[in-house]
Amino acid sequence: MTVQPDPRPEPRPQPLPADPASRSRALWGGGGLIAALTVGAGAFFYTHNTATPLAPAVAPPSQNVPAVPAAQTAAVQLSMLPPTKAPAALAKSGFSPADRARILAAVKDGKMRLVEMPVLDASGAVGQTIDVTVSGLTQRVILNGRFQHLIIPIVEAGQILIAPVSIPHAPALIVGALTALGPEALPALTTLDQRVLLNVIVQ
């Protein structure tokens, strides 16, 4: 009598376990890219680096994109200059001699205060021109990648109007301002008809 061997099931292919190391590398790679982009976008205002960053991608025009408002508002805190430094500060400003005399007289009478707001082009580009108007007085500034001292006369509570004179470069002209709280990026300007209105708090 012949004994038949017990039938055994054929082995089935088993799925390979996921390699945790490769999965971890993929997650770290994606997270690292996001972190690098975030740090790169804000590095300028923390290090005052003047290198031109890569321009972000611009979405193609679409009928669903809302129109950008012509006036954008923001608030800044600025440091007041001591009255004793007013003559030297005004001498380096863009005001005419007649305007400097009027401002200095108002500062001495306590009717006006001087604040300092250094500005630059946040992209590091050179040549963008803006007008800075406050209390009916306008200064024209040619921006570059380094902070330029800007002396501004303020009454009790003032508003600074910033308007582009030259066509803003792509993707946008972002004026960086050095305020009492540190570097701040002002609202972006993309066309000549846009304005930035700053509500000033003097410290």
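This is a predicted model: local features need pLDDT of at least 70, side-chain atom pairs count only at pLDDT 80 or more; totals for chains, interfaces and linings use all residues.
An open sheet is built from 3 strands in the order β3-β8-β9, with antiparallel pairing. Its edges are formed by β3 (119-121) and β9 (182-185), each of which pairs on one side only. Direction ignored, neighbouring strands of this sheet are turned by 25° against each other on average. The contact between β3 and strand β8 (residues 175-179) comprises 3 bridges in the antiparallel sense. Within this pair, D121 lies opposite V175 of β8.

Strand β4 spans residues 129-134 and has two antiparallel partners, strand β5 (residues 137-142) and strand β7 (residues 158-164). The pairing with β5 runs over 6 bridges, and T133 stands opposite T138 there. β4 and β5 form a hairpin with 2 residues between the strands, in which S135 adopts a positive phi near 55°. The pairing with β7 runs over 4 bridges; here D131 stands opposite A163.

β4 is mostly covered, with 5 of its 6 residues buried. T129, which belongs to this strand, is classed as buried because its relative accessibility is 13%, below the 20% limit for that class. Residues up to four places away in sequence being left out, T129 touches R140, V141 and I142, as well as A163, P164, V165 and S166.

How values were computed
Residues are numbered from 1 along each chain as its sequence is written. Side-chain values use heavy atoms; hydrogens and water are left out. Two strands pair if DSSP finds at least two bridges between them. Axes are lines fitted to C-alpha atoms, for helices over the stretch in contact, and angles run from 0 to 180 degrees between N-to-C directions. Buried means under 20% relative accessible area, exposed over 50%, partly exposed in between (1.4 Å probe, protein chains only). Contact means heavy atoms within 4.5 Å.
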